[in-house]
Amino acid sequence: MSNNAISFTTHDQRFMAIVGSSPTAELLAENKDYPFAHEAGVFFPGTSNLFVTSNRCIGPNGLQKVHITRVDLSKTPITCEEIATEIPMGNGGINYDKDYVLFCAQGTMTEPSGLYRMSTIAPYKSELLKGDFHGRPFNSVNDVVVHTDGSIWFTDPIYGSEQGYRPSPRLPNQVYRWCPDTGAIRVVADGFGRPNGICFSPDEQVIYITDTDRVHGDGSIDDQRVSSIYAFDVCTIHGEPFLTDRRLFAMADQGIPDGIKCDLEGNVYSGCGDGINVWSSGGVLLGRILVDGGVSNFCFGRDGEIFALNEHRLWRVQLEEGVKGALLR
């Protein structure tokens, strides 16, 4: 089944329960001037607003910038509004409280990388919530997920310094847990080449973290470097959460596994070089939503919707209506 640049490939019959009998794809928006639909993908069902961040854009003065766009899906045709914010080089994001997006900002040479909270209501005021690990600045915070206990878990690779808009790294490539209520911050995982996407299983007993070391920020690609997803068990030891039993969950054979999400059945979806790959919770590749040009990130909408960020294009993919993203329950 296909629709121009999108098709569906089944590797395991369980994929048919996900895509249903007649999956569809619709091109919602296209921006030929710059790749507006690259990361984040934060959907608010109450307002039908979708927030996305662009890929790096280099202006005539050589300055690098990331644009943030609000897509209003309640209108026909939909509208796209580039919004002005003080979030430096935004990347991943997630719904936060009722009317906020929690953005990962990669930072600049003069502005800190970290976690920024932005209002979803004009004039889209933002504030830096966390920008350092006990005084040492983050490298270029990439992606984030919020636990139901209120703790915030995020990845921090060194892409910013490699791409010339951040100073030399002051920290390793690591994953962090920060508690806004107490201010406590911990390193919860290391040993990555480039930690990137992050998400919890629906019951929050497992966390998935992608390693996109295959592609470095300088543009170099090495097929012998990792392009995989790792799974960890979330355990409580001495009253505190730890990540244990690190294991290779899956490898992306095309490109790198970037953004990652789970549905309520525990299936794992990741944006890869050929589109969105879907694995069972046991690590079996079920199928692929093939998108010409690949997908860096995506998010679930309502009742089987997926919004696929395809750089210059934004797609709506309709799967079986019973498929629901774990983030939105």
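**Aromatic pairs and a buried asparagine**

Phe200 is buried, its relative accessible area being 6%.

Visitor: What kind of model is this?
Guide: A predicted one.

Visitor: Which ring pairs with Phe200?
Guide: Trp153 does. The centres are 5.4 Å apart, with 85 degrees between the planes, and the pair is edge-to-face.

Visitor: Where do Trp153 and Phe200 lie?
Guide: Trp153 is in strand E17, Phe200 in strand E20 (residues 195-200). So the pair ties together parts 47 residues apart in sequence.

Visitor: And Trp153, buried or exposed?
Guide: Buried, with a relative accessible area of 1%.

Visitor: How many aromatic pairs are there?
Guide: The count is 13. One of them joins Phe138 and Phe154: edge-to-face, centres 5.3 Å apart, planes at 85 degrees.

Visitor: What does the pair of Phe138 and Phe154 tie together?
Guide: Phe138 sits in the loop between strand E15 (136-137) and strand E16 (144-146), and Phe154 in strand E17 (residues 152-156), so the pair links parts 16 residues apart in sequence. Phe138 is buried at 1% relative accessibility, and Phe154 is buried at 0%.

Visitor: Which residues form a cluster?
Guide: Phe133, Phe138, Phe154 and Tyr176 form one aromatic cluster.

Visitor: New topic. Which residue lies over the face of Phe192?
Guide: Arg246, at 4.6 Å from the ring centre. Lys261 lies over the face of Phe298, at 5.0 Å from the ring centre.

Visitor: Now Asn310. Where is Asn310?
Guide: In strand E29 (residues 305-310). Asn310 counts as buried because its relative accessible area is 4%, under the 20% cut-off.

Visitor: What is Asn310 in contact with?
Guide: Beyond neighbours within four places in sequence, Asn310 contacts Ala37, Val291, Asp292, Gly293, Gly294 and Trp315.

How values were computed: Residues are numbered from 1 along each chain as its sequence is written. This is a predicted model: local features need pLDDT of at least 70, side-chain atom pairs count only at pLDDT 80 or more; totals for chains, interfaces and linings use all residues. Side-chain values use heavy atoms; hydrogens and water are left out. Helices (H or I, at least four residues) and strands (E, at least two) are DSSP runs, numbered from the N terminus. Buried means under 20% relative accessible area, exposed over 50%, partly exposed in between (1.4 Å probe, protein chains only). Contact means heavy atoms within 4.5 Å. Rings of Phe, Tyr and Trp (its six-membered ring) pair if their centres lie within 6.5 Å; planes under 30 degrees apart count as stacked, over 60 as edge-to-face and the rest as tilted. A charge sits over a ring if NZ of Lys or CZ of Arg is within 6 Å of the ring centre and within 35 degrees of the ring normal.
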